[in-house]
Amino acid sequence: MRIGLDIDGVVADSFPVFLRELNKHFDKKLEKIDNYDMAKLYGVDWEVMSKFFDDHMEFLFSEPMPMPGAVEGITELMDKGNEIIYVTARNPGGEEEATIKWMNQKSIPYDKVIFMGNACKTSAVKEYELDVFVEDHSGNALKIFNSGIGVFLFDAPYNRIQLPSGITRCYNWTELTKEITTLK
Ligand SMILES: [Mg+2]
């Protein structure tokens with residue numbers, strides 16, 4: 001099977017780092033990211049939030065730990081003959097370099113990493129003929145599901161929407177690995 005994985009919030013435990021750094025930068029004490037729109041969450045303009053991420057990109061992408069169990073789970077899936085293709089909204093260029101460096105440092109195995117930037121992930125789903133996808137962004141999950149493949153949504157405070165059958169909420173990598181392994 002060809003498995004598509006998102007990076008932030010699925011493989012990289014990025015949001016605790018984002019929360020800590022955003023609180024520091026904007027002098028706030030938020031306890032969790034429960035809105036994926038971080039500009040709205042911190043009450044700043046989109047441009048301001050975008051500049052924060054641009055200015056601190058290397059640190060923000062190098063600092064996260066892998067999600068607990070991710071390395072083991074991905075390794076197991078690859079050992080079973082699955083192909084792992086990451087499809088991230090991170091941008092090509094500098095973010096690409098920082099991402100690959102992080103993956104190598106954290107021993108995260110991969111066959112391919114696709115950097116979409118603002119483009120819709122469904123085009124990569126089609127181009128690489130992915131069989132299943134794991135996402136934490138509910139909007140992306142719905143789009144990918146509507147493009148015709150099964151989706152697992154990695155649970156997070158910002159994605160607690162009602163899901164159509166066909167999108168399965170997952171709470172950890174042990175569960176996710178088991179679920180994917182049982183797929184035909
Ligand atoms: Mg994500």
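Which helix is the place of Thr122? Select Thr122 and you land in helix H6, residues 122-127 (helices are DSSP runs of H or I, at least four residues, and strands are runs of E, at least two, numbered from the N terminus). Before moving on, note that this is a predicted model, where local features need pLDDT of at least 70, side-chain atom pairs count only at pLDDT 80 or more, and totals for chains, interfaces and linings use all residues. Residues are numbered from 1 along each chain as its sequence is written, and side-chain values use heavy atoms, with hydrogens and water left out.

Stay with Thr122: its relative accessible area is 17%, so Thr122 is buried (under 20%; exposed is over 50%, partly exposed in between, with a 1.4 Å probe and protein chains only). Now show Lys143, Ile144 and Ser147, which Thr122 touches when residues up to four places away in sequence are not counted (contact means heavy atoms within 4.5 Å).

Next, select Asp6, in the loop between strand E1 (2-5) and helix H1 (14-26). With a relative accessible area of 5%, Asp6 is buried. Show the side chain of Lys121 too: the side chain of Asp6 makes a polar contact with it at 2.9 Å (a pair of N or O atoms within 3.5 Å; within protein, one must be able to donate a hydrogen and the other to accept it, and residues adjacent in sequence count only if both atoms are side-chain atoms).

Finally, pick Asp8, also in the loop between E1 and H1. Asp8 counts as buried at 10% relative accessibility. Leaving out residues up to four places away in sequence, Asp8 touches several residues, among them Phe15, Arg90 and Asp136.
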